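Me: I have a model open and want a quick walk through it. Can you take my questions as they come?

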Amino acid sequence: MVLVEQYPPMTILYDPTIRKDSTTNGVTSPQFATEQELCLMYFDKWSEQHQIDFVEHLLARMCHYQHGHIDTYLKPMLQRDFISLLPKKGLDHVAENILSYLDAESLYAAELVCKEWYRVISEGMLWKKLIERKVRTDSLWRGLAERRGIQYLFKPKPGEHHPDHFSYRALFPKIIQDIESIESNWRTGHFLLQRINCRSENSKGVYCLQYDDNKIVSGLRDNTIKIWDRNTLECVKVVLTGHTGSVLCLQYDDKVIVSGSSDSTVRVWNVATGEMVNTLIHHCEAVLHLRFSNNMMVTCSKDRSIAVWDMVSTSEMTLRRVLVGHRAAVNVVDFDDKYIVSASGDRTIKVWNTSSCEFVRTLNGHKRGIACLQYRDRLVVSGSSDNTIRLWDIEYGACLRVLEGHEELVRCIRFDSKRIVSGAYDGKIKVWNLVAALDPRAPASTLCLRTLMEHSGRVFRLQFDEFQIVSSSHDDTILIWDFLNYNDTNNSAAGTSNNVLHGGSNAHTNDTLPPLPPGFE
């Protein structure tokens, strides 16, 4: 005999097919109708709180499937289309203000809710406001607006009018397509290449540069500073002369150009006229690098010292403090309101307090002299003659990552929130993924995005933004690598490069930098 295990009968908590009521064949009984009318009459006489208490008691006496029916009945009653209700009360501006906080994906969805929502979005010009907000808060959008002339859509030229809502709605995906194209060109190494030939009788290298949308300012081995027009790529008439040695470093703002030279001087020039307005004589050997910001300047030299200056005016710059501690030439400095950071051929990076100029700490790790660095927030990125790049946390002095790939001295380095771009004596420029480099789980093989090879000599200096790299070299050229305007139709005029990481080293027999370019020595 087989024993069958007995299970208790299943209890169905809610079956929507079951409906219990006091109807017979769809006809309500007279008794129920009378009792219901009496209950409603009493209910209407009670206060709101008493009504709530009564309904709560009713709900407590119901079974689960009845709760389900009531829930289905209440849901549409509890929904409120507040966007449609506001304009009916003359509050269109409130509805517009609420929807103006939406991102693009949510704004697309909101347009599909109903005609009233679409009207509020359209008449409120919310796509225009979204693009304006992006341009205000995102440097990539701001740069695109300037390069594509989009800023004139927000403030039309005299005599012109704002485009309609549909124009802004159509513009948004075009901007997104532009951004995706730029990111793709960075990843795949597609660029439109422009070349400035700086060769002169005495020139054998462009040691430093800085650029903006209108000009490139360059320092050359022939002791001059030359300014190049961004549109024509021609040298403007004014050539700054006065240094008696190679121009090794420079920086400019809207008022002055400040340059340092192998003649041991720092010179100040009027950016508009090219007139020399000041000469600072302090260092006893070549001035290798300088930085200025907020009425303060820091210079460093082959004489192993760092000088901190107060920039009272273009003609009055006073020496505040000399920082001593490096045991070899100080090749580069950077600073902000908190720290001054310096790097030397003695293989160390030193950190100093900006306000007091007191020494804070030393970052050790490079195996050869350090040629370049950039410092921002807590991050320091440095390049060395040990052919590596190191990322440091300045507060803890810890090395976060070592990037390997260059075959010779890493001479220049810059980074932003996404990328590190480095140039080296192997003639190559490498683009690295900064976000991945800061992730200890990211494999080393994934960090170098592209290797760009167009220079035929050592890369001395570079600067970049979201759209381009501008680099200078011992080959007497300035190259502009344009990632914005590349497309398949101008492929023949553009450059491409292979994503190749080359290991190996070019070891040096001493612990200082290898021979510096002419002018540094």
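Me: What kind of model is it, and how are residues numbered?

Reply: It is a predicted model: local features need pLDDT of at least 70, side-chain atom pairs count only at pLDDT 80 or more, and totals for chains, interfaces and linings use all residues. Residues are numbered from 1 along each chain as its sequence is written, and side-chain values use heavy atoms, with hydrogens and water left out.

Me: Start with helices. At what angle do helix 8 and helix 9 pack?

Reply: About 110°, with the axes 5 Å apart. Helix 8 covers residues 126–137 and helix 9 covers 139–148. Helices here are DSSP runs of H or I with at least four residues, strands are runs of E with at least two, and both are numbered from the N terminus. Axes are lines fitted to C-alpha atoms, for helices over the stretch in contact, and angles run from 0 to 180 degrees between N-to-C directions.

Me: Which label does that give helix 8 against helix 9?

Reply: Roughly perpendicular. The cut-offs: under 35 degrees is roughly parallel, over 145 roughly antiparallel, 65 to 115 roughly perpendicular, the rest oblique.

Me: Which residues meet there?

Reply: From helix 8, I131, K134, V135, R136 and T137; from helix 9, S139, W141, R142 and A145. Contact means heavy atoms within 4.5 Å. The residues of this contact are four nonpolar, two polar and three charged. Ala, Val, Leu, Ile, Met, Phe, Trp, Tyr, Cys and Pro count as nonpolar, Asp, Glu, Lys and Arg as charged, and the others, Gly among them, as polar.

Me: Which residues of helix 8 are buried?

Reply: L126, W127, K128, L130, I131, E132 and V135. Buried is under 20% relative accessible area, exposed over 50%, partly exposed in between (1.4 Å probe, protein chains only).

Me: How many bridges join strand 13 to strand 14?

Reply: Seven, and strand 13 spans residues 305–311. S305 has V324 of strand 14 as its bridge partner.

Me: Which phi values stand out?

Reply: Most residues other than glycine have a negative phi. N295 has a positive one, near 65°. C357 has a positive phi of about 65° too, and is not a glycine.

Me: Where are they, and are they buried or exposed?

Reply: N295 is in the loop between strand 11 and strand 12 (296–301). At 57% relative accessible area, N295 is exposed. C357 is in the loop between strand 17 and strand 18. With 3% relative accessibility, C357 counts as buried.

Me: Last one. What does G219 touch?

Reply: V206, Y207, C208, T224, V247 and L250, leaving out residues up to four places away in sequence. G219 is in strand 5 (residues 215–220). Its relative accessible area is 0%, so G219 is buried. The C-alpha atoms of G219 and Y207 are 5.8 Å apart, with the two residues twelve apart along the chain.

How values were computed: Pairing = 2+ DSSP bridges.
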